[in-house]
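Here is a friendly walk through one protein model, a piece at a time. Keep the structure open while you read and look for each part as it comes up.

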Amino acid sequence: MQSEHAVKVLESLASPVRLAAWRQLVRAGLDGMVAGELATALAVAPNTLSFHLKAMLGAQLLSVEPEGRFLRYRANIPLMLGLIAYLTEECCAGHPEACQTLRADSLCSPAVLPDNSCCNKE
């Protein structure tokens, strides 16, 4: 990931509505949600939500697919995992024991943490 894209993704989440929309779409999984369902779930006016979804689409955080007269939105989980990997790729500065401690102290499931490749750089 390039730093410019990372900044764009982080900027697109810098809003309570956008962050809530992202989390709701993550919970929806591969099914995603149509815009109206998402607006209802977040108690946000549809036109307000549309503004926020457009910003998230611009950062490639979401995908959208027409479904009849509705639009179905899905979270781009691979992009987010790539962002997390980019942000943490040199977390241990070549000290694998530090990386193991950081991973153990994390509140995340080991399944979603970046791999230990940062510790194996020569």
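Predicted model: local features only at pLDDT ≥ 70, side-chain atom pairs only at ≥ 80, totals over all residues.

## A pair of partners across two strands

Let's start with Ser 63, whose bridge partner in E3 is Arg 74. In general, strands of a sheet pair through backbone hydrogen bonds, and the pairing can be parallel or antiparallel.

## The whole sheet

The open sheet has three strands, in the order E1-E3-E2, with antiparallel pairing. Strand E1 (33-34) and strand E2 (62-67) stand at the edges with a single partner strand each, so one side of each has no neighbour in the sheet.

What lies across E2 and E3? That's helix H4, residues 46-58. Helix H4 runs at about 120 degrees to E2.

## Two salt bridges

How many salt bridges are there? The count comes to two. One joins Arg 74 to Glu 65, with the closest N and O atoms 3.0 Å apart. Glu 65 has a relative accessibility of 42%, so it counts as partly exposed.

In the other, the side chains of Arg 72 and Glu 67 meet at 2.8 Å, N to O. Is Arg 72 buried or exposed? Arg 72 has a relative accessible area of 15%, and because the cut-off for buried is under 20%, it counts as buried.

## A closer look at Arg 72

You'll find Arg 72 in strand E3. The side chains of Arg 72 and Glu 67 are also joined by a polar contact of 2.8 Å.

Leaving out residues up to four places away in sequence, Arg 72 touches quite a list. Among them are Asp 31, Gly 32, Met 33, Val 34 and Glu 37. The list also includes Ser 63, Val 64, Glu 65 and Glu 67.

## Where two helices cross

Two packed helices are described by the angle between their axes and the distance between those axes. Here, the axes of helix H3 (residues 35-42) and H4 come within 10 Å and cross at roughly 110 degrees. H3 and H4 are therefore roughly perpendicular to each other.

Which residues make the contact? On the H3 side they are Ala 35, Leu 38, Ala 39 and Leu 42. H4 brings in Pro 46, Leu 49 and Leu 53.

## Over in helix H6

Take a look at Arg 103 as well, which sits in helix H6, residues 96-105. With 22% relative accessibility, Arg 103 counts as partly exposed. Arg 103 and Cys 91 are 12 residues apart in sequence, and their C-alpha atoms are 9.9 Å apart in space.

## The chain as a whole

Finally, step back and trace the chain from end to end. The protein chain has six helices and three strands. From the N terminus on, the elements run α-α-β-α-α-β-β-α-α.

How much of the chain is buried? Of its 122 residues, 29% count as buried. As for contacts in the protein chain with a separation of 6 or more, 54% of them are between residues 24 or more positions apart.

Notes
Residues numbered from 1 in each chain as written. Heavy atoms only, no water. Pairing = 2+ DSSP bridges. Helix = DSSP H or I, 4+ residues; strand = E, 2+ residues; numbered from the N terminus. Contact = heavy atoms within 4.5 Å. Axes fitted to C-alpha atoms, helices over the stretch in contact; angles between N-to-C directions. Buried < 20%, exposed > 50% of the residue type's maximum accessible area, 1.4 Å probe, protein only. Salt bridge = Lys/Arg side-chain N within 4 Å of Asp/Glu carboxyl O. Polar contact = N/O pair within 3.5 Å; in protein donor to acceptor, adjacent residues only side chain to side chain. Parallel < 35°, antiparallel > 145°, perpendicular 65-115°, else oblique.
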